[in-house]
Structures are given as C-alpha cells and as structure tokens.
Amino acid sequence: MGFQAAISGTGLFTPEQAISNEELVESFNAYVEQYNRDHRDQIEAGQLEALQPSSAAFIEKASGIKSRFVMDKAGILDTDVMHPMLPERGDDELAILSEMGVHACRDALTNAGKTVADVDAVIVACSNLQRAYPAVAIEVQSALGIDGFAYDMNVACSSATFGLQAALNLVETGTARAVLVVSPEICSAHLNFRDRDSHFIFGDVCTAIVVERKETVTSDEHYEVVDAKLKTQFSNNIRNNFGFLNRCAPGTEDTPDKLFVQQGRKVFKEVSPMVASMIVEQLKSLDIEVDALKRMWLHQANLNMNQLIAKRVLGREASPEEAPVILDEYANTSSAGSIIAFHKHRRDLNEGDIGVICSFGAGYSVGSVVLRKCK
Ligand code: CO8
C-alpha cells in the first residue's frame, strides 16, 4: 500500500527571554577582565595567554546574528555561572524538552487543523537529548495523549530533516496516518559561554511539523513532498564528546570538549559547496529548472554561508525573499533553524511553487527536502 505524504502544518515555541549581542559581549568581557586580573602574574610571566575580549560588531559581521532566545538568561549572563540554570525536575514532572515539544506540537496541530486523535507517531529529532531513556518522544506522546508510538533521534543540525524523512516513510508506507516531528533545541546548555570563538553562536527554540497523507489534509495550504535526499560524511570539525562514558574516565568530565567545539572556518569552506552541489544535483535529477525554485529555507548557522550557498544554487545573488533569514533574531538553533524559516516564510508562495528545506551541520550531515505548494 502506498500513500502520498504532505506537510500540512508547523508549530513554533519561542522562549520568553532573549539576549542581544551587546548584553552577551558585556558579560563575556567582564569574565575576560576578571580572568586576566586573577591570572595577572602568570600572564606577565608568559606562562598563560591573556584572554581577548569579544565584540558585538564582529559577531554580527561574521555570522549575521544579532540576538538569541534562551531558556535562562540570568545564568548565562552571570559571570560566575555562564550557563543556563535549569533546575532538575522530578520524575513525575514533565521534562523541559518535552514541555517545549508539547507547546510546539499543539501549535503545529492547530496550524494543520488536526487533533491528537489523527496522529499515530511522534519523532523527537534534536541535537541534545536530556536523558538516555525513557525517550523524550514517548513523554511528549503521553503528555499529548497520542495512541501510537514514539522515538528519539539525533543527527545534530540535520535532525529535523532526517526526522522528516523518517516521517515521510511512515506515512507513505501506511505505518502511521500522521506523524509529528518535534525539535526541541536547548543549544545554550551545550555552548561554552567562556569561548570567544563560539559563545555567540546558539539559541534555544522548539519546532514541530505535521506530516500526513495528502488525502486527509484539511488545512488551507499544504506542501507535497517531491523528494528528500540525505547525505552524511564523517568530520571532526564540529564535535561534542559529552556522553555516558565520561564518568568512566575520571577527571575528564568537565573538559571543554564535553561542550560544542568547532573549526568554524573549515566548516564554512567544506560544507557550503557540499550543500550547494547537493541541491543543484537534486533539482537536476527531478528535472526542475533552477529558475523554478522560489524559496530556500536553509539551515540558519551563518548569514554569509547561506548567501554563498543560495548564490551557487541560483547562479546569482538571492533576494531576502528567496533565502529568508531568521538567524539574526534566533541565532543558530541547530536542527530547528530551517524549520523556523519554513514556518515564518511560506505563506506568500503560490500554488505549484517549488521550495527546498535544507539543513546542514555536524556529522557532516545534509538533509534536503524539495516541496511543492498545494492549496
Ligand atoms: N569577537 C571578536 N573577534 C573574534 C571573536 C569574537 N567573539 N571570535 C573570533 N574573533 C577573531 C579571531 O581571533 C580572528 O582574529 P585574527 O584574524 O586576528 O586571527 C578573527 O576574529 C576571525 O576569526 P574566525 O576565522 O574564527 O572567524 P570566522 O570569520 O570564520 O567566523 C564563525 C566565525 C562565525 C563561527 C564562522 O566560521 C561560521 O559561522 N562558520 C560556519 C559554522 C557552521 O555552520 N557550523 C555549523 C555548526 S552548527 C551544528 O552543526 C549543530 C551542532 C549541534 C549543536 C549543539 C548545540 C550546542
């Protein structure tokens, strides 16, 4: 049995608190001054490098990021803490990732005009899962009251598109009538706010997508999935060594590699051409002219990177409408970024228009999903 799958709705949970570049840099620079004061003797003796201050102007120029939403602003900006403070919850309370997921799922179901009774499966697809088990997805399923099944998956920045591809398979094969793909990202909890090279990169958010059979769609607009392509290629240039084996190597639990680490310039140089050629090849294999591509909802890591990818695909500069930007306001929200762009920038497309959701990041991984708008 085969069904055609469609995306019929999306949802977004945005945290209430935000941090501007200026606020983040003020806190970082206060930490740097304190560190350099505390280590003056070693720095003067040449035993230690003085830390360098950060700059809001650099951050905006290098990345396009102006601000980010976060789950706990106070802890991040407190120079004695420099990470979000998120108190542990009891086992009988809804976990924080699940809570964000429930908000985003409800929004997506409303947007799709569906109820939980229409859904058979929940996939939580994100970069950082808060525990090993039970799956966060099963908790979201339970909190929403969905009768069916759920599982977690992680492909870092490409989690949402890889999750979307899994949902397409479930719907197309008849395993599920409708699937929720949920991406709760608390990136601030795995970001080293004491690292000048990366302290500005990430923000927190949660997105959700409803995938269902085309024949059951009732929303006023939906997107037929023309094609989904996935690609991975091993690289250490974006890495996080946090994991359950850390305590088996005592003394290494808190080293900086247990947080997000990247060779940003290498990532930029290696991933941009890989993504552009993948989209071009995909369109070619589908006999879709590049001119027919009306929108690129790209992963939101770096504005310059997105402009370069869009230019390579189109053969000319892309307009802001063709490659919408949300990273100025949200920063990099890992797997959620391209879905936020899709959520906020699609209503103006016409019936029949072609667009592509494309994620890319750690792995390396690329997930490219070509869509056609339907009414
Ligand atoms: N303030 C002022 N100056 C700075 C700062 C700062 N904060 N940081 C660096 N500089 C200086 C450097 O010292 C350097 O100075 P000099 O030229 O004198 O040596 C100069 O600025 C340039 O430094 P860089 O070469 O490092 O700067 P870039 O222009 O390369 O910009 C970026 C850095 C913005 C990080 C850029 O390289 C980038 O965005 N690259 C793309 C990265 C990317 O897309 N990564 C994807 C990762 S996301 C992902 O996969 C998700 C993983 C899972 C998420 C988990 C949650 C945490």
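**Cysteines, the ligand shell and a buried serine**

The count of disulfides (pairs of cysteine sulfur atoms within 2.5 Å) comes to 0. The structure is a predicted model, in which local features need pLDDT of at least 70 and side-chain atom pairs count only at pLDDT 80 or more, while totals for chains, interfaces and linings use all residues. Residues are numbered from 1 along each chain as its sequence is written, and side-chain values use heavy atoms, with hydrogens and water left out.

C358 takes part in no disulfide, and the nearest cysteine sulfur, that of C157, is 12 Å away. C358 counts as buried because its relative accessibility is 0%, where buried means under 20% relative accessible area, exposed over 50% and partly exposed in between, with a 1.4 Å probe and protein chains only. C157 is likewise buried, because its relative accessibility is 9%.

The ligand is surrounded by 28 residues (each with a heavy atom within 4 Å of it), of which C157, R196, R265, N302 and A362 are the closest. Polar contacts here are pairs of N or O atoms within 3.5 Å; within protein, one atom must be able to donate a hydrogen and the other to accept it, and residues adjacent in sequence count only if both atoms are side-chain atoms. A polar side-chain atom of Q262 lies 2.9 Å from a nitrogen atom of the ligand.

The largest share, 4 residues, comes from α8. By residue class, the shell divides into 13 nonpolar (Ala, Val, Leu, Ile, Met, Phe, Trp, Tyr, Cys, Pro), 12 polar (the others, Gly among them) and 3 charged (Asp, Glu, Lys, Arg).

Finally, there is S219, placed in the loop between β7 (204–213) and β8 (222–232). S219 counts as buried because its relative accessibility is 11%. A polar atom of the S219 side chain lies 3.0 Å from the backbone oxygen of E221, and one lies 3.1 Å from the backbone oxygen of S8. Leaving aside neighbours within four places in sequence, S219 is in contact (heavy atoms within 4.5 Å) with S8, N111 and A112.

Notes:
Helix = DSSP H or I, 4+ residues; strand = E, 2+ residues; numbered from the N terminus.
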